[in-house]
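This report concerns one protein structure, shown below with its sequence.

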Amino acid sequence: SDFDFAQRLVISHVWALPKLDHGGSLMRGVAGGWEFTGITTIRSGGPFSVLSGADRAYEGTGANRADLVGNPFLPTDRSRSELIARYFNPSAFALNAIGTFGTAPRNLMRGPGAMSFDLGLMKVFPIGEKLRLQFRGELFNAFNTPRLGNPYANLNAPARIGRIEGAGDPRIVQFGLKISF
């Protein structure tokens, strides 16, 4: 499956910070009763196939896989810039033979893993008996951790093949107000 992640850990939490029982009503109303929330996601890389970029099997879709002619795996202990420039060994693949679908297995390769921390802080302010105002601040990818995408894996662009050209969203901050009545 194209969305198969071999390992995935998701941890969510809600921490209700203590309400203040002492101090003035303004201090209790502003500083007490906040909730701190979060979702941590750590996952391995997603699968991808190396394609020939041409319909050499003459079946009409143009999504033929390449022929596997060598070892496509490179050491993973390289620097991030080296991984981005050349994630896998492109010389391990060749155009599939005419009339064939290619010998490289589907989803043979795995892209880079990712880690993300989403955090939130919220508080409900009562206004009268039935009216409530909720303030919420949220940070998605709070620590701005790079989440690299899968590398370009199409033999029709030799200068691009094996290079990571995209990443997930950077840190996103949003604030919101909600009135409940």
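## Overall architecture

The model is predicted. The secondary structure of the protein chain consists of two helices and nine strands. In sequence order, these elements give the pattern β-α-β-β-β-α-β-β-β-β-β. The protein chain has a radius of gyration of 25 Å, well over the 16 Å that the globule rule gives for 181 residues, so it is more spread out than a compact globule. The C-alpha trace of the protein chain spans about 80 × 35 × 25 Å along its principal axes.

Of the 181 residues of the protein chain, 29% count as buried. The accessible surface of the protein chain is about 11,300 Å², and 60% of that surface belongs to carbon and sulfur atoms. Among contacts in the protein chain with a separation of 6 or more, 68% are between residues 24 or more positions apart.

## Aromatic pairs

Six aromatic pairs are present in the structure. In one of them, the ring centres of Trp-34 and Phe-125 are 6.3 Å apart and the ring planes stand at 90 degrees, so the pair is edge-to-face. Trp-34 belongs to the loop between α1 (25-31) and β2, whereas Phe-125 belongs to strand β7 (residues 114-127), so the pair ties together parts that are 91 residues apart in sequence. Trp-34 counts as buried because its relative accessibility is 18%, under the 20% limit. Phe-125, at 25% relative accessibility, counts as partly exposed.

Another pair is formed by Phe-117 and Phe-143, whose ring centres are 5.3 Å apart with planes at 70 degrees, so this pair is also edge-to-face. The pair links distant parts of the chain, 26 residues apart: Phe-117 is in strand β7, and Phe-143 is in the loop between β8 (131-140) and β9 (172-180). Phe-143 counts as exposed, with a relative accessibility of 54%. One aromatic cluster is formed by Trp-34, Phe-125, Phe-135 and Phe-175.

## Charges over rings

Phe-125 also has a charged residue over its face: Lys-123 lies at 5.1 Å from the ring centre. A further case involves Arg-160, whose charged end sits over the ring of Tyr-152 at 3.9 Å from its centre.

Ser-44 occupies the loop between β2 (35-43) and β3 (47-48). Because its relative accessible area is 16%, Ser-44 is buried. The side chain of Ser-44 reaches the backbone nitrogen of Ala-6 at 3.2 Å. When neighbours within four places in sequence are left aside, Ser-44 is in contact with Phe-5, Ala-6, Gln-7 and Gly-113.

Asp-67 lies in strand β4 (residues 67-68). With a relative accessibility of 13%, Asp-67 counts as buried. The side chain of Asp-67 reaches the backbone nitrogen of Thr-103 at 3.0 Å. Beyond its neighbours within four places in sequence, Asp-67 has contacts with residues including Ala-92, Phe-93, Ala-94, Leu-95, Gly-102, Thr-103 and Ala-104. Asp-67 and Pro-105 are 38 residues apart in sequence, and their C-alpha atoms are 8.9 Å apart in space.

Key. Residues numbered from 1 in each chain as written. Heavy atoms only, no water. Helix = DSSP H or I, 4+ residues; strand = E, 2+ residues; numbered from the N terminus. Buried < 20%, exposed > 50% of the residue type's maximum accessible area, 1.4 Å probe, protein only. Polar contact = N/O pair within 3.5 Å; in protein donor to acceptor, adjacent residues only side chain to side chain. Contact = heavy atoms within 4.5 Å. Phe/Tyr/Trp six-rings, centres within 6.5 Å; stacked < 30°, edge-to-face > 60°. Lys NZ or Arg CZ within 6 Å of the ring centre and 35° of its normal. Rg over C-alpha atoms; globule rule 2.2 N^0.38 Å. Areas by Shrake-Rupley, 256 points an atom, 1.4 Å probe, with all protein chains shown as cover.
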